[in-house]
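Open the model in your viewer and keep the selection tool at hand. We will go from stop to stop.

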Amino acid sequence: MRFTHRTLPQRVVFGAGDAPAAVAAEVSALGGTRAMLIASARDAAQVDRIAADIPVALRHEEVVMHVPVDVAERARTAAAAARVDVLVSVGGGSTTGLAKAVALTTGLPIVAVPTTYAGSEATDVWGLTTDGVKTTGSDPRVLPASVVYDAALLSSLPRELSVSSGLNALAHCVDAMWGPRADPIDRALAEEAIRALRAGLLGLVGEAGAATDPAAEHPDPVEETLYGAYLSATAFASAGSGMHHKICHVLGGLYDLPHAQTHAVVLPHVLAFNAPNAPEAERRIARALGSATATAGLAALRRSVDAPRALRDYGMPESGIEAAVPPILAAIPANNPTPVTPEGLAALLGDAWRGTTDEQ
């Protein structure tokens, strides 16, 4: 066995109801005296409790999906004007993404407080969008120095968003099985993450028996899902972005599609496409989902949680399928388990647009 594994340096704090005190402790440990608190106005009630315990020099509320470059530039300018020395992000992937955009050019440390299961807080991946083109990259400057996971902050997350965000996390696991740098450690972490995400998601939607799953690391489904989301992002950050994420990043940038829902829709199509040529990954995914096959296990989970089904439901035009094929083909890693042709990719995108899967 020969491989090289990269583990990202990061402090992680888990504690239900502990966010205000935990964030204050992390800011203090980083020597922060002038914090830029990045959070959408719709999260004000949660953010106010955290803001009360940290030295806020600037509260920035302009958060936009896929982080347009002009939004990032305004945040960077505001950070410089306020002379901030630490960034605190409270929110989902878009909020974390904006903090990363500021850190990318300033080197300021980030304390991330997730309020969804996006996983961006545990990766060194950034993304910026210009004129419908989403560019991503990795840089150690954007990896949050600290992450505070507080299940209480997600307890009121709407069911639909919990499901799509949790399936987004599961997509990290699937890509981590065959990403460009995937190794045995990534696959082990991803398998455990899939098991936890399944248990957590079933518990969140009230599936009978899910909350008392003896294999669950945490009896609370929100905590179990958060645990799985963190592991999934850790595996993904090491393995690198595979076919699934390349598809979703291109589509999200081109058509301004909602991030989590796009991942939830595309996931079963990529799994069905790659699983026949990735037997070890297929076995691991199936085992984690408690099923004879990976595709059947994912289909059963999606039915139980009433997962998003079709890209057309989120605003993607059918004419966009043809336009998306060239940039996606150019981005997919060369080591994808199944060779990707323009025709095969167009067929996959067409099925995802219509919502056609083997689940039906």
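Helices (H or I, at least four residues) and strands (E, at least two) are DSSP runs, numbered from the N terminus. This is a predicted model: local features need pLDDT of at least 70, side-chain atom pairs count only at pLDDT 80 or more, and totals for chains, interfaces and linings use all residues. Residues are numbered from 1 along each chain as its sequence is written, and side-chain values use heavy atoms, with hydrogens and water left out.

Select 69-82 for α3 and 93-106 for α4: they pack at about 60 degrees, with axes 9 Å apart. Axes are lines fitted to C-alpha atoms, for helices over the stretch in contact, and angles run from 0 to 180 degrees between N-to-C directions. The pair is therefore oblique (under 35 degrees is roughly parallel, over 145 roughly antiparallel, 65 to 115 roughly perpendicular, the rest oblique).

Show the side chains next. Val71, Ala72, Ala75, Arg76 and Ala79 of α3 meet Leu98, Ala101, Val102, Leu104 and Thr105 of α4; contact means heavy atoms within 4.5 Å. This contact has 8 nonpolar, 1 polar and 1 charged residues (Ala, Val, Leu, Ile, Met, Phe, Trp, Tyr, Cys and Pro count as nonpolar; Asp, Glu, Lys and Arg as charged; the others, Gly among them, as polar).

Now pick Ser120, in the loop between β5 and β6 (125-130). Is Ser120 buried or exposed? Ser120 is buried, at 16% relative accessible area (buried is under 20%, exposed over 50%, partly exposed in between, with a 1.4 Å probe and protein chains only). Beyond its neighbours within four places in sequence, Ser120 touches Thr96 and Lys100.

Move to the sheet. It is open, with 6 strands in the order β1-β8-β5-β4-β2-β3 and parallel pairing (two strands pair if DSSP finds at least two bridges between them). β1 (11-14) and β3 (56-60) are the edges, each with a single partner strand, so one side of each has no neighbour in the sheet.

Zoom in on β1 and β8 (146-149), which pair over 4 bridges. Phe14 stands opposite Tyr149 in β8.

Last stop: α5 (159-178) and α8 (243-255), packed at about 130 degrees with axes 8 Å apart. Ala171, His172 and Asp175 of α5 contact Met243, His244 and His245 of α8.
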